[in-house]
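I wrote them for someone who has not seen it before.

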Amino acid sequence: MAKAGKSQEEVASEAIKHALKALRKRHLLEEAAHTPAVLALSRPIASQGSEWKEKAENLQVELQQCYKAQSRLSEQLVVEVAESRASKALVQEKENAVADLQKELTELRDECSQLKLDLEEKVKSLEVVVSENSELKAQLEQMTTKANKAEAENKMLIDRWMLEKMKDAERLNEANALYEDMVEKLKASGLEQLARQQVDGIVRQSEEGAEFFLESNIPSTCKYRLSAHEGGCASMLFEYNSGKLITGGQDRSVKMWDTNTGSLSSTLHGCLGSVLDLTITHDNRSVIAASSSNNLYVWDVNSGRVRHTLTGHTDKVCAVDVSKISSRHVVSAAYDRTIKVWDLVKGYCTNTIIFHSNCNALSFSMDGQTIFSGHVDGNLRLWDIQSGKLLSEVAAHSLAVTSISLSRNGNVVLTSGRDNLHNLFDVRSLEVCGTLKAMGNRVASNWSRSCISPDDNHVAAGSADGSVYIWSVSKGNIVSTLKEHSSSVLCCRWSGIGKPLASAEKNGIVCVWT
């Protein structure tokens, strides 16, 4: 590029020189042409005549043409000089661009060299990672082998543990039989309470406070109307031998109420879903909630803190109950078609029952060895808690079972169904010993809960029209219809001391009846 630029300058210079030479030559020629005119001027004017005039005119014309040619050449010279300068500037610009490109090329070469070095390092690192991956795969295979061995050993230990639990159950049954025998012998002497606490170390706290039991009255008046939960209240219960009411709702909270004053005593937080069912241990120390978050939550009543979060279900947990002879064993049912047995001391599931029909409600038997479950297919089923085997089955309703409630003496189980019937079954024979129904009584949901009074003489159930119906068990007729709710009644619970009765509706209002 530089050489090309210099040649253009030389050409321009030569063109300028050539133009100057041409002007000088033409000037000399003009001087030579003017010489005859000068000589003629030196002649006498008379002898020149018209010839002189003609030549003067011709010379004048030629002189004008020369001036014009000289002007054109000057203009051409100026243009050539300007073009030469522009060419020189363009050449300089090109040279600068070439220098920049050379500098950029040098930088790119350096960067390419650095990238090559980085690539070599990455390749080495990749080789190291591949080697480590191979080692980890080998370790994983070893750990998998160990895990399989541990699982086999764990299964063997579980089998042994289940065998021991069965032996414990047999011993417990023997202790119960001994207890019943001693109670019969000691009733007259007034030492029944002492016998409960000393037979094989078994403390029957479910029967403590029995001396406070009163005959259940038929409620007629709404004493308190509590705004318990936003979004609805589907579950509630009373503490054992107490008038304190516990409610759970769709606002993910569990609340404890004093039914004597209608005031809120405390609120239990920590549940991550709607509360669908509640139960309480017989020492009134732990409240357990079944939740739509697929988990169960166990609170310590005194501290108000969550003691356990029981995980294992894969769908919403809709029913829960605790053993009536122990505060340790809990049973739950979820819409994943499983029923699980939990150990609260250990904090995990000890047995899982899988069945094709989802369970809506369940209850422990009085001896804690059998589970009653009510299913969507309308059947009532009995399960052995230790083995998980189906003991018995009966078609309780033509539609889904929504509620199961056991009588205080454990001889009768109450079931409610979407067919708007409330059936009483003899636990020993599983035969229907009573059917309760009413015109206008419609079960509102798959988890509508009914209840038996503490004296086993009455049954209370809510209806989709907002009424609470109370039947006489012995006569099978309606003895009272309570109207205070403005929406479907989802749950009814009777206090274990005979009164009050509580009912909860779909809008979250709880009524306390006396």
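# Notebook: strands, a core and one aspartate

I note at the outset that the model is predicted.

Aspartate 455 is in the loop that runs between β22 (451-452) and β23 (458-462). Is aspartate 455 buried or exposed? Aspartate 455 is buried, and I found no salt bridge for it. The nearest side chain of opposite charge belongs to arginine 408, 9.1 Å away. The side chain of aspartate 455 does make a polar contact of 2.5 Å with the side chain of serine 453.

I moved on to the core. How many residues are in the largest nonpolar core? The count is 14, and the members touching the most others are Ile246, Val254, Val275, Leu278, Val287, Ala289 and Trp299. I checked which strands supply this core: β4 (254-258), β6 (275-280), β7 (286-291) and β8 (296-300) each give at least two residues. The largest share, three residues, comes from β6.

**Entry 4, the sheet with β6.** I followed β6 into its sheet. The sheet is open and has four strands in the order β6-β7-β8-β9, paired antiparallel. At its edges are β6 and β9 (306-310), each of which pairs on one side only. From one strand to the next the twist averages 20°. I also looked at one pairing in detail: β8 and β9 run antiparallel and are joined by four bridges. Here valine 298 stands opposite histidine 308 in β9.

**Entry 5, β10 and β11.** How many residues of strand β10 (residues 317-322) are buried? I found six of its six residues buried. Its antiparallel partner is strand β11 (residues 329-334), with five bridges between β10 and β11. Valine 320 has serine 332 in β11 as its bridge partner. The two strands form a hairpin, and six residues lie between β10 and β11.

I looked up another hairpin. Strand β16 (residues 379-384) pairs with strand β17 (residues 390-395) in the antiparallel sense, over five bridges. Leucine 382 stands opposite serine 392 in β17. Five residues separate β16 from β17, and glycine 388 in the turn has a positive phi of about 75°.

I ended with an open sheet of four strands, ordered β18-β19-β20-β21 with antiparallel pairing. Which strands are at the edges? They are β18 (401-406) and β21 (432-436), and each pairs on one side only. The twist in this sheet averages 20° from one strand to the next. Strand β19 (residues 412-417) and strand β20 (residues 422-426) run antiparallel and are joined by five bridges. For serine 416 I noted histidine 422, in β20, as the bridge partner.

Conventions
Residues are numbered from 1 along each chain as its sequence is written. This is a predicted model: local features need pLDDT of at least 70, side-chain atom pairs count only at pLDDT 80 or more; totals for chains, interfaces and linings use all residues. Side-chain values use heavy atoms; hydrogens and water are left out. Buried means under 20% relative accessible area, exposed over 50%, partly exposed in between (1.4 Å probe, protein chains only). Lys and Arg count as positive and Asp and Glu as negative; His and the chain ends are not counted. A salt bridge is a side-chain nitrogen of Lys or Arg within 4 Å of a carboxyl oxygen of Asp or Glu. A polar contact is a pair of N or O atoms within 3.5 Å; within protein, one must be able to donate a hydrogen and the other to accept it, and residues adjacent in sequence count only if both atoms are side-chain atoms. Two strands pair if DSSP finds at least two bridges between them. Axes are lines fitted to C-alpha atoms, for helices over the stretch in contact, and angles run from 0 to 180 degrees between N-to-C directions. A nonpolar core is a set of buried Ala, Val, Leu, Ile, Met, Phe, Trp, Tyr and Cys residues joined through side-chain atoms within 4.5 Å.
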